[in-house]
Amino acid sequence: MRFPVVSSGPNLSNVCRKLKDSSSSGRWKEVLSHYREIKQSDVQLVDHTIFSHVLKACLALSFGFGKSVHSSVIKQGFESFTSVGNSVMDFYAKSGALSSTRDVFNCMKTKDSVSWNIILHALFNEGAFVEGFDLFIQAREDGFEPNVSTLLLVIQAYRSLGAFNNGERFHGYLIQSGLWSLTSVQNSLLSMYTDIGMDFAENLFDEIHERDVISWSVMIRGYVQCDDAICGLESFKQMVSEFGVEADGQTMVSVLKGCTNLADVKMGKLIHSFIISRGLNYDLFIGNTLVDFYCKCGDVDSAVLAFTEMPCKNIVSWNSLLSGFVHNENHAEALRLFGSMKTSGLDSDEVTLVNLLSLCKFLGDLRQCKLIHSRVMRKGFESNDLAVNSLIDVYAKCNEIDVSWKLFCQIKRPDIVTWSTMISGFTYCGMPDEAISLYQEMFLSLENPNTVTLINLLEACGVSAEVGQSKWAHAVAIRMGLASDVVVGTAILDMYSKCGDVKASKRAFDQISTKNIVSWSAIIAAYGLNGHPRVALALLSEMEANGLKPNSVTILSVLSACCHGGLIEEGLSVFKDMAKNHKSELKLEHYSCLVDLLARSGNVNDALELIKCIPFGMKAGPSAWGAVLSACRNYEDREVSVGAVSRVLEMEPSSSAGYLLASNVYASMGSWNDASGMRCLMKERGVEVVCGYSLVRVNNKACTFTAGDKYHPLSHTFGPVVEQLHSCMKMDTGARLPF
């Protein structure tokens, strides 16, 4: 073994002192400069303590230089000092060089507690949990006494792996070794038990005699994460009122998330006031959580105010408000905020771009989508799962399914979110067969479907409207044990409804273990859609008898059933009851549906009066005026029809439906010039006709048929059938399809 030559001069000692002084002040460049001065001198170094300072400087400035210092340590024989070996090992560990850390540790002849702590920290921090556990056991056998930070790392490792049985055994070891009494260890164990179950956490919490703010915060966060926000808020109240523990930022973030889960704006505002009274409103994380809370509760004005009052903001602050604007459909404000963000000099990240893609999806703006796509590529986010999945989704929503498919095919190993997004995209674009085939391909790739994937499959089968495939998808849900789940069960009954099998819808509804307002609304809509309006009304009464109050979707389903079933009085009664008891729930869709009901029954003037009575802030849309215009075709009211035409074309100038309906109305009145004029106007404006089509399955393949299609490969087969149907319906020759 080589030992360093003991030789030193006054100048070298002075340089070593300067090096240590520079290190204590964090002047790392000066540290390395002094070290070079020592290396260039002819005097042999004897002070091994300088290496810890030099390696700290290398950690801050240069990994490569640190490796050269390690070489010098070996050449000069200083590796025999345990403290120097620990410094080298710490340098490699904090640089993320686990292999080098392990090599240094294995070469050390004498190890102390610091050595064991460093290697264990390195292993656990780098995710080498199993090796870390094995080494921890070996260390204990060698008499190693772990420090608190190592104990916390071991507990966190068990928690990360979900190895709760081992975690409980480690809890026993802590009690036996007398380390259980440390508050930080108790709080770390408490965090682990909140992942196992709140019952276990509550038992441990009751055993902790000196609960600090961290103990309470862990419990509050645990309740919120397991969807028991009410218990979380009760714990917060108990912490502050009964025990007088002062809340910190982490506590308030968890409490606000609880208010978000409950969508309780009133409670959230009280918590906001509490935050201000305690002087915590300057905390960046609390500010971001407040913005997120208000946005998710739909109170965008309060979100803007909270954002404005934040003394400092980061990219999360801007993204939270941008996301709030997008999801609350405040599109103009979202664009203005993004402009302000760029003006402030803050660069967008992948979350910003995903929010902008969501905005493009809402607006159907393909051009902007392509611009954002190019920005994603410029920033190198094309391998980011969140960004790619958003691109696949938005292209599908813009009816560019080929681009979505191309992006999907470029991914080597799609995750479950990517598969689900692509399946949903095919369904949205009216390609259910492709969606179902992709699900089967995913299943063969051994990717396990989740609830979202299953719901996407059920939606695809609903679009295909093929009972056989729907039964297969239902069987998949049963095998996954999800058929009785309220979300999946509702999707199943909706799927059967779209296939016209309302009895199967009812069976699926009856199998749902715990029905909510969404499942009741879906079964009511199913009966209404399939021509059973009186059953829909009876189900509404049954739902109310079960203690559930109808929401806006439920009432819309009932009104729609009455509209298509011709139940005028019943529809009016339902609307009046809602106006009396749930006026705040009334939306434009309800007024439009009632207008349609009145117009279909010939009460055109009443429909017009209802349009005039629509509350301030709402405006009759194309669906309401389209219903009035359609009624004019049956009841030949020219004056009303002219006004309705102008309204429909003003609101939807690029939709072919309004022009064709207006042309048909004029034709029914014998105004052939006006009818022809409508079609000419449509051509002048470049409006493309969207053809209606029928979808029929032939040999397990969905085939579409459009009116007047002479060139369909199966036209010779179904043409005579259509002729026969026309004959049975006593349609005159002029209305027949030209096959």
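**View 1. Leu 174 and its contacts in the nonpolar core.** In this predicted model, Leu 174 is in contact with Leu 151, Ile 155, Leu 179, Trp 180, Val 185 and Leu 189, leaving aside its neighbours within four places in sequence. The largest nonpolar core has 220 residues, and Leu 174, Phe 236 and Met 252 are the ones that touch the most other members. As a reminder, nonpolar side chains in soluble globular proteins tend to be buried together.

View 2. Buried in H2 are Val 31, Leu 32, His 34, Tyr 35 and Ile 38. Seen down the helix axis, these buried residues fall within an arc of 160°, so they line one face of H2. Lys 29 and Gln 40, on the other side of H2, are exposed.

**View 3. Cys 429 and Cys 398.** The closest cysteine sulfur to that of Cys 429 belongs to Cys 398, and at 9.4 Å it is too far for a bond. Cys 429 is partly exposed, with a relative accessible area of 21%.

**View 4. Cys 593 and Cys 563.** For the sulfur of Cys 593, the closest cysteine sulfur is in Cys 563, 5.0 Å away, which is too far for a bond because a disulfide needs the two sulfur atoms within 2.5 Å. Cys 593 is buried, with a relative accessible area of 12%. Across the whole structure, a search finds zero disulfides.

Technical notes:
Residues are numbered from 1 along each chain as its sequence is written. This is a predicted model: local features need pLDDT of at least 70, side-chain atom pairs count only at pLDDT 80 or more; totals for chains, interfaces and linings use all residues. Side-chain values use heavy atoms; hydrogens and water are left out. A nonpolar core is a set of buried Ala, Val, Leu, Ile, Met, Phe, Trp, Tyr and Cys residues joined through side-chain atoms within 4.5 Å. Buried means under 20% relative accessible area, exposed over 50%, partly exposed in between (1.4 Å probe, protein chains only). Contact means heavy atoms within 4.5 Å. Helices (H or I, at least four residues) and strands (E, at least two) are DSSP runs, numbered from the N terminus. The arc is that of the directions from the helix axis to the C-beta atoms.
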